[in-house]
Amino acid sequence: MLEIARQQWKQQGNAQDLWVFGYASLIWRPDFDHTERHATRVHGWHRALAMWSRVNRGTPEIPGLVFALLPGGSCRGVIYRIPHRHANEVLDLLWAREMPTAVYDPRWLPCSTPHGTVAALAFTLSRRSPAFTGELTPEQYRSIFSGASGRYGTTLDYARQTHEALRAHGIDDISLTRLLGHARPDKL
């Protein structure tokens with residue numbers, strides 16, 4: 001999939017910079033250098049805390065959750081511009097971070113920037129994926145927020161950090177605010 005994404009990026013133009021759309025942890029921890037960063041919106045996709053995490057934010061015994069882009073609606077996030085000369089290195093870093101189990105479907109989504117619309121790499125999830133949670137109840141979210149933790153910390157910390165990063169960029173995610181309301185008060 002990485003090589004397919006590289007080919008798709010190269011087909012956009014030989015000297016084209018790489019654009020990446022972040023909608024969760026890439027906002028507060030991009031882990032790559034960039035020359036530009038802008039708040040933007042993608043249409044046809046929405047952010048959802050609806051992907052099982054059995055390593056990063058949970059375990060096989062107590063799975064946690066991470067965000068994914070699911071079909072439908074729109075999503076405000078942050079777009080990053082990576083100079084062409086660093087694009088292959090950043091693609092390698094992104095694959096190691098986001099695609100160790102190839103669970104996401106990488107896509108090139110149109111995003112507005114001050115320079116016009118660009119195609120940005122985004123990591124989406126199919127509702128047919130075994131990693132997709134389906135609809136969870138408030139009790140399930142409460143249980144996951146109370147106990148799920150993996151190598152990068154808890155699901156609750158991840159959701160809170162994403163919420164704070166979105167707000168720092170002037171993005172109010174009402175759905176995420178509502179989900180965080182399911183956490184026990186002593187966990188906030």
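About 360 Å³ of space lies in the second largest pocket, where a pocket is an open set of points on a 1 Å grid over the protein atoms alone at which a 1.4 Å probe fits, with protein on both sides within 12 Å along at least five of seven lines; the volume is the space filled by probe spheres set on the points, which are joined across faces, edges and corners. The model is predicted, with local features needing pLDDT of at least 70 and side-chain atom pairs counting only at pLDDT 80 or more, while totals for chains, interfaces and linings use all residues. Residues are numbered from 1 along each chain as its sequence is written, and side-chain values use heavy atoms, without hydrogens and water.

Select Ala-48, Glu-135, Tyr-141, Ser-175 and Leu-179, which lie nearest the centre of this second largest pocket among its 21 lining residues (those with an atom within 4 Å of a point). Next, colour β2, β3, α4 (138-147) and α6 (174-180), each of which supplies at least two lining residues; β2 gives the largest share, five residues. Helices (H or I, at least four residues) and strands (E, at least two) are DSSP runs numbered from the N terminus.

Then move to the largest pocket, with a volume of about 540 Å³, and select Met-51, Ser-53, Asn-56, Val-66 and Tyr-104, which lie nearest its centre out of 25 lining residues. Two or more residues of that lining come from each of α2 (25-28), β2 (36-53), β3 (64-82) and α3 (84-98), and β2 again gives the largest share, here three residues.
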